[in-house]
Amino acid sequence: MEEVRRLLWRALSRAEDLLDAQKIDPETGESLPDDGLALKAIHAISQGAGAYAKVTEVTDLAARIEALEAAKGEEPGPRLGKVGT
């Protein structure tokens, strides 16, 4: 999950850079904001931010569960039920 989180952060950073992208007007040679690319970047950021938040939440919850299990002296991992009860 940490690798996924790092990749999402890189993607968000790259999308942020694209918000200020410029294009050259073929008629005047003037540099203008690339509104189409900016809109795509905005969409990518909104989608990526949601995914990043979910990955962070899952990672944090997994760490908390492991800490609780360690404090109780239990083996980490899923359990379907106790045997012999």
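## Pairing in helix α1

E2 and R5 are three residues apart in helix α1 (residues 2–18) and are therefore separated by about one helical turn. Their side chains meet in a salt bridge, with 3.3 Å from N to O, the term being used for a side-chain nitrogen of Lys or Arg within 4 Å of a carboxyl oxygen of Asp or Glu. E2 counts as partly exposed, at 34% relative accessibility, where buried means under 20% relative accessible area, exposed over 50%, and partly exposed in between (1.4 Å probe, protein chains only).

E3 and R6 also lie in helix α1, three residues apart, or about one turn of the helix, and their side chains form a salt bridge at 2.9 Å, N to O. E3 is partly exposed at 45% relative accessibility, and R6 is partly exposed with a relative accessible area of 47%. By the rule given above, the count comes to two salt bridges.

## Basis of the model

This is a predicted model, in which local features need pLDDT of at least 70 and side-chain atom pairs count only at pLDDT 80 or more, while totals for chains, interfaces and linings use all residues. Residues are numbered from 1 along each chain as its sequence is written, and side-chain values use heavy atoms, with hydrogens and water left out.

## Overall architecture

The protein has two helices and two strands, which run α-β-β-α from the N terminus on; helices (H or I, at least four residues) and strands (E, at least two) are DSSP runs, numbered from the N terminus. Of the 85 residues in the protein, 15% are buried.
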